[in-house]
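This report goes through one protein model, part by part. Please keep the sequence and the structure in view while reading.

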Amino acid sequence: MKKIILLTTMISLLTFSDGSLTSANTSNFTDVSSKSPYATYINDLQQLGVTNGVKPGQFEPTKTLTRAEFAKFVATAFQLKDNGSEVPFLDIQTHWSYPYISAVYQAGIVDGKSADIFAPDQPVKRAEAAAMIWRLAQSKGLAEAAPVNLQETVDSWAIPGINGVVSKGWFGADVRQSNGKWAYRPGANMTRQEMAALLVHSMNDLPGSISTAASETPIQPETNTPEDTETAPITSPDSSSDTDSTTSAWQESLKQHLLNQDTDFQLTLTDPEQFKQIKPFVNQVLADNDYLHFIYSDMKYQFDGVATVNFKVTYLETAAQTAYVTAQAASIVASIITANMNDFEKEKAIHDYVISHLAYDQSLKEHSAYGGLTNGKTVCQGYALLTYRLLTVAGIPNKIVEGRAGGQLHAWNLVNLYGNWYHLDTTWDDPIPDVQGRLIYNYFNLTDEQIKQDHSWKGTYPAASQDFVQALDAATKSGQIEAGSAHVMLYTTGIASETNEMTSNSVPAIQAILQQGFTDKQSQITIHYKSSLGKPQTVMKSALTSQLTANYNINKVSYTYHNDTRLPGVITVTVNVTYP
């Protein structure tokens, strides 16, 4: 399923502190002795909110951890969140640990026992725990660790993790050195107290943990809720008019840094209370700038408590990469748009370009328009960004919608054509597998009600209520577009056939459409049939007989299907045909 990644819809402010782990000797766990070599680690995890124990007052330090429990500890400690992308493990779909295992899998730091089995309730081995933590460390930029001399024979997959953990000193009393060799016990089950030592050490050394982030305030993109779209100035309740003027100055400076995609910068405040206004103001800037919103990844800002705020911001594209996208968009629009085109035709040309030049990145690595333009692959976020930029360059107002589709996080566009808003989803019009030359218009200019069959959103967006076919007719009658243009639009998109009169209600009727398409050597044949006729696999098996394809000397035939977006109770099938 295509989906959007790296977008969250929550903002959390972390408690402001000095950012270091404490070493308090107090604990609410009655089963953890103050003399235990693990007491400090366990107390630190408790103070940071990583653990509350297995029950009130009980940590059970020597209890074996399961793979699911370890995944939860890592996800919690390093603030890893389920981003909605697909996870292959069949045995966690209804397990309590699903969001935690999903988060660590999506972060690329955990493997299953097999391609589709995670075994969440099995004990986690010490080698497995080391491998997971070290993969996380390397994802944060740590270099390959120097080899260490181990007493045990270690499987090849576990060597990098154990080397890394031992060389960094991320362990407690469970690891010993004798005669120059380290005893790690890779095949032993990891206990809860051993986990505490491993986790606390790594949290102190790695960015992004609750420990290392405690003195920084992260901001992630927030859903476009009604509160986010308020236009009132953001000022301190106690600000005077002079302070308002100063506040406006720092707001403008912060806005320009974000629009310039600066990554490391500093602001000076005149009032410490202004620090509290940073979060809502950043969200306002993102809400007002769609392209920035959807390439923005993360912000951390640190306040000295007096006047200076240091910012570190990450984006999915560098400023140079975004400039490249803009320049390419101008070149593309110049090559596909002509002066005599109306806005409907311009939109269609852009839709066709995007789905003809992009393919969905099933590895989920590319998330930007830049990645799509340079590598030819991206996820829905990149599709929506490139569509947004092309439409904007062409002078067509549009927005990016953040929501869900098919039960997954997703992004698509809203387009304004002659005063009416329409949903345009170029990702879902370019389904997997990618087929060269295939043009689909299933999600081309839909109303809210039409797209709600499989898309949903919570933010506040302009209403899309005008039926596209009716709008074309009205534009023709008003003289906004020529009648011939509307006719071509309806027939080249196949929307003209999306009527009840053109809907098949029998297998012979479907075969008649196929035969006509084969006779005309059509590489793509669209069929609409009433869902009461049966499931697509059954219906198409009856219609696409081997005799029928043999009669027309067909090399290859395949098809995709979906519930018709414009006709309730109708299924649309797109048949792709290859001829000799």
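## Overview

The protein has 19 helices and 16 strands. Helices (H or I, at least four residues) and strands (E, at least two) are DSSP runs, numbered from the N terminus. The model is predicted: local features need pLDDT of at least 70, side-chain atom pairs count only at pLDDT 80 or more, and totals for chains, interfaces and linings use all residues. Residues are numbered from 1 along each chain as its sequence is written, and side-chain values use heavy atoms, with hydrogens and water left out.

Of the 580 residues, 49% count as buried. Buried means under 20% relative accessible area, exposed over 50%, and partly exposed in between (1.4 Å probe, protein chains only). Contact means heavy atoms within 4.5 Å. Among contacts between residues at least 6 apart in sequence, 68% join residues at least 24 apart.

Two strands pair if DSSP finds at least two bridges between them. Strand 4 (residues 264-268) pairs with strand 6 in the antiparallel sense over 5 bridges, and Thr308 is the bridge partner of Thr268.

Strand 5 (residues 296-303) is also antiparallel to strand 6, with 7 bridges. In this pair, Val313 of strand 6 stands opposite Met299. Strands 5 and 6 form a hairpin with 4 residues between them, and Gly305 in the turn has a positive phi of about 85 degrees.

An open sheet is formed by 5 strands in the order 12-11-10-9-13, with antiparallel pairing. Strand 12 (444-446) and strand 13 (455-457) are at the edges, each with a single partner strand, so one side of each has no neighbour in the sheet. From one strand to the next, the twist averages 50 degrees. Axes are lines fitted to C-alpha atoms, for helices over the stretch in contact, and angles run from 0 to 180 degrees between N-to-C directions.

Strand 9 (residues 398-405) pairs with strand 13 over 3 bridges, and Gly403 stands opposite Trp457 in strand 13. Helix 13 (residues 380-393) lies across strand 9, strand 10 (408-417) and strand 11 (420-424), at about 15 degrees to strand 10.

## Helix 17

Helix 17 (residues 507-519) has 13 residues and should span 18 Å at 1.5 Å a residue; its end C-alpha atoms are 18 Å apart, which agrees. The expected span is 1.5 Å times one less than the number of residues. Ile510, Leu514, Gly517 and Phe518 are buried in helix 17. They cover an arc of only 100 degrees around the axis, which puts them on the same side of helix 17. The arc is that of the directions from the helix axis to the C-beta atoms.

These buried residues pack against strand 14 (524-530), helix 18 (536-543), helix 19 (546-551) and strand 16 (570-578). Just after helix 17, Lys521 takes a positive phi of about 60 degrees.

Strand 14 and strand 16 are joined by 7 bridges, and Thr572 in strand 16 is the bridge partner of His528.
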